[in-house]
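Please read this short briefing alongside the sequence and the 3D view.

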Amino acid sequence: MDNYQKIRQQYSSSIEKMQKKRKNQLIWLITLSLILIIFSGVNIISMRRQAADNALGYVDRYTAQLTRLAARHIREKLTLVNNISDSVLRISKEDTQEFLDRKRGVCGLDFIIYCDLENGKVYASGSSQGHVSEDGQEIGNLTVVKRSLTNESGTVAFQDGYVIYAAALREGAKTVGYFLGGNEQAAMQNILTDEIFEGQSYSCIIDHEGNIILSSEDKGAREKAYALFENPDYGIPIENDMKQMKKNLRAGRGGVFSISVKGQRDVYLSYDLLGINDWAMVSIVPSNLFSSISEGYVVRALAYELALLAILGCFSAAFFKSYDAMTNFLERLAFSDDVTDGGNKLDFQMKYEALCQAGKAGQYVVVLLDVVDFKHINEKHGEQKGSEMLKYFYRVIISCLNKENGEFAVRSEMDHFFLCLQEQEPAALQVRLNEIIEDINAYGPLADPGLPRYRMIFRQGASFIENNDTDFTAVQDQARLAAKSSPKGEDGTCVCYSRELAKRLQDERELNDQFEEAIGSQDFKVYFQPKVSLRTKKVEGAEALVRWQHPERGLLSPAVFIPLLEAGDKIRTLDRYVCERTCEWMRTWIDRGNPCFPVSVNLSRVHFTETHFLERFVEITDRYQIPRELIEFELTESIFLDDAHLQKVREGVKQIHEYGFRCSIDDFGVGYSSLSLMREFDTDVLKLDRSFFLDLKDQKARSIISCVMNLAKALNIKTVAEGIETGDQIAYLKTTGCNIVQGYFFSKPLPADEFERWIEAFDYDRYDG
């Protein structure tokens, strides 16, 4: 890690120079003190002032580092946009759209827009969520586009939550098109929100007139920045400093000064030119972060000098020690995590960049481990125990690293851990991660005695570094994106970022964005699958199932959109929608003079987090005047296996019956079900999963089915065999006393009109032959 040490040395070399300078001053102080005590007092007072200057210098260097990070990020994106724009002129018109789609995914851009002035056509890839027009004339009128006409390297602007990069396409002296690329501004805001000074500093980007261009996502920091620059309450001295800052910016110079804002703590304000447009980076740090360390020692030293010159030697030694402590403290603020006492995300980024400079980054992979439901530990045991758990996770992770190969890891924020491992194959990486997680859950020697014992689950995402030019923010975001694509992480699989994954996640985002419109347009269609009684040989029920009739992708299976909606909590709306469409059909069916039967609708687990969720369903059934006993809520077996919410589920099932609805357990037996469910929960129907009936030649399987059927009968619970497809299965079920059968043997799920015709034409004897 020689390169890492060189980079880190840049941060500490200036502090070391100050330390040497201070030692020289102390030598002179000792000499002068022998002549006259008052001179020593004057020197100590000057040291106090110098401490403030040192703090100003440190803040100024910190701002310079932030400026380099932000400017590098913007220039790298501008370079990408320029490279793509140069290439697009060499691509045939027929291949342009495919080329843009591919490049957008590779370059990590949220959208690309190419306006061809020769034929007036606009090509767009991705979505700017309507913040950038796709009209050619409007694009040409954008300020960022106009500026690109006079800037060969392209221009950049922030607009409506996006960073937009623009370049003009030229053939000789003629402009033949415009090219725009953009990302959400979160990546830039992430640079501004690095919590180096214990989360008390805040930064923003301004123009030469002091107008804020971009601030961090932190609401508190954003409000402080706006209060300082747009609604100031300063006196004449501070107003002069602000005017001088604007003057320096217009002259192309940076600077640093301290200010006192009414009603707030004194702060240090540092500003530095980004070298892009007329923008500058501004950092604001509370002065008490430095004064609390330096002032105590200075005042104490002054008292010692005035009291007795004889202890000057002891004082000098104490001062050296205190100055080293302050230096170490400032360095810890910059590079350490206050929870784990290890490195922080700035430290991780510097080590990553050192790998890139050494030309070794292509041998490594960046991994994100995200603890699932860690908030449960904080809520149950308190934040102190939660911090101890995080520290324990970090100790185990560090112990599993191969430091000789330059591997490193940090806790970046909350319960997220980033690792940089020397692995190039997904299979080998998975083995490494499994070992780390197993060691964590073993709670071995590295675990403190009082630590809570839980089996922890981690979402795992990885991004294999392609080359030494891969941007740190991009590889980090790719690992985050991969981890998010595994919503629960129960299977313990690490998801590796790929273009296919990015495309799938883009498709899911589009479906998620189109959900509300699809609900309003009734693009979700309710299908019905009949339930047939083997005893009465009649249709005695149905299950309402949903399909998405997408205007572009056709009929979508629930497997495509249900997990997405459950993750985003929109499944509540869909469940109520299906219930309403079902009640609407039942009302029409009854009004035609037809006898009706119970219809089951699926109820997602997320409803049980609300105390009064059933009131919405009561309102729907009452509005259509459907007897509540005709509505059966199907709950998947997995709902009952979530110990954290079991009491809420128990109360919800009780309320289902109190309101007069029916309740069934769906997919019974597909997981690790317990027969105690039949005792603890008041259910009306058990739906046995199709897996029970796949191999009826197995005597053990038949015995289990018979046992479940007999137990359900003894408890007065009806049984439904679902997924039944063959006559042999029907013949066997007749011998078990199974109440009802559902499956393709009788009918697949049908749209409402086809279902009605099927009911009218139903003749059990046709199937029984």
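The notes below go through these topics in turn.

This is a predicted model, in which local features need pLDDT of at least 70 and side-chain atom pairs count only at pLDDT 80 or more, while totals for chains, interfaces and linings use all residues. Residues are numbered from 1 along each chain as its sequence is written, and side-chain values use heavy atoms, with hydrogens and water left out.

**Helices H13 and H14**

- Two packed helices are described by the angle between their axes and the distance between the axes.
- Helix H13 spans residues 383-399 and helix H14 spans residues 426-442; helices are DSSP runs (H or I, at least four residues), and strands are runs of E of at least two, numbered from the N terminus.
- The axes of H13 and H14 come within 9 Å and cross at roughly 135°; axes are lines fitted to C-alpha atoms, for helices over the stretch in contact, and angles run from 0 to 180 degrees between N-to-C directions.
- H13 and H14 are therefore oblique to each other (under 35 degrees is roughly parallel, over 145 roughly antiparallel, 65 to 115 roughly perpendicular, and the rest oblique).
- Tyr392, Phe393, Val396 and Ile397 of H13 make the contact with Ile436, Asp439 and Ile440 of H14 (contact means heavy atoms within 4.5 Å).
- Of the residues in this contact, six are nonpolar, none is polar and one is charged (Ala, Val, Leu, Ile, Met, Phe, Trp, Tyr, Cys and Pro count as nonpolar, Asp, Glu, Lys and Arg as charged, and the others, Gly among them, as polar).

**Glutamine 476**

- Glutamine 476 sits in helix H15 (residues 472-484).
- With a relative accessible area of 4%, glutamine 476 is buried (buried means under 20%, exposed over 50%, partly exposed in between, with a 1.4 Å probe and protein chains only).
- Leaving aside residues up to four places away in sequence, glutamine 476 touches Asn190 and Phe418.

**Salt bridges**

- The structure holds 31 salt bridges (a side-chain nitrogen of Lys or Arg within 4 Å of a carboxyl oxygen of Asp or Glu).
- In one of them, glutamate 413 pairs with lysine 345, with the closest N and O atoms 4.0 Å apart.
- Glutamate 413 is in strand S12 (residues 408-413) and lysine 345 in helix H11 (residues 345-357), so this pair ties together parts 68 residues apart in sequence.
- Glutamate 413 and lysine 345 are both buried.
- Arginine 432 and glutamate 423 meet in a salt bridge at 2.9 Å, N to O, and both are buried.
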